[in-house]
Amino acid sequence: MAEKRMAADCRKFPSEKNCDVYMSGSKEHVLEAAVEHAVGSHGHQDTPEFRKQIEEFMTEETASV
Ligand SMILES: [Zn+2]
């Protein structure tokens, strides 16, 4: 009964930089980190639309601990 974690893999996101950042954690934290990363490193805009896209792109990580 562990809490689910979400993972965001930048390699799965279309990118011109061949970025391979991987983040995982609780959904809200990954979302925050991913938005900051996308804005800071990829020049994306922090919009509700974009956050939605990231949420869809995150995958569930099966907790093993
Ligand atoms: Zn990236």
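1. Helix H1 (residues 27–42) packs against helix H2 (residues 48–57) at an angle of about 120°, and their axes lie 10 Å apart. Axes are lines fitted to C-alpha atoms, for helices over the stretch in contact, and angles run from 0 to 180 degrees between N-to-C directions. Helices (H or I, at least four residues) and strands (E, at least two) are DSSP runs, numbered from the N terminus. The model is a predicted one: local features need pLDDT of at least 70, side-chain atom pairs count only at pLDDT 80 or more, and totals for chains, interfaces and linings use all residues. Residues are numbered from 1 along each chain as its sequence is written.

2. H1 and H2 are therefore oblique to each other (under 35 degrees counts as roughly parallel, over 145 as roughly antiparallel, 65 to 115 as roughly perpendicular and the rest as oblique).

3. Leu 31, Ala 34 and Val 35 of H1 meet Arg 51, Ile 54 and Glu 55 of H2, contact being C-beta atoms, placed from the backbone, within 7 Å.

4. E1 pairs in the antiparallel sense with strand E3 (residues 59–61) over three bridges (pairing requires at least two DSSP bridges). Glu 60 in E3 is the bridge partner of Met 6.

5. E1 also pairs with strand E2 (residues 22–25), in the antiparallel sense and over four bridges. Here Asp 9 has Tyr 22 in E2 as its bridge partner.

Methods. Two residues are in contact if their C-beta atoms, placed from the backbone, lie within 7 Å.
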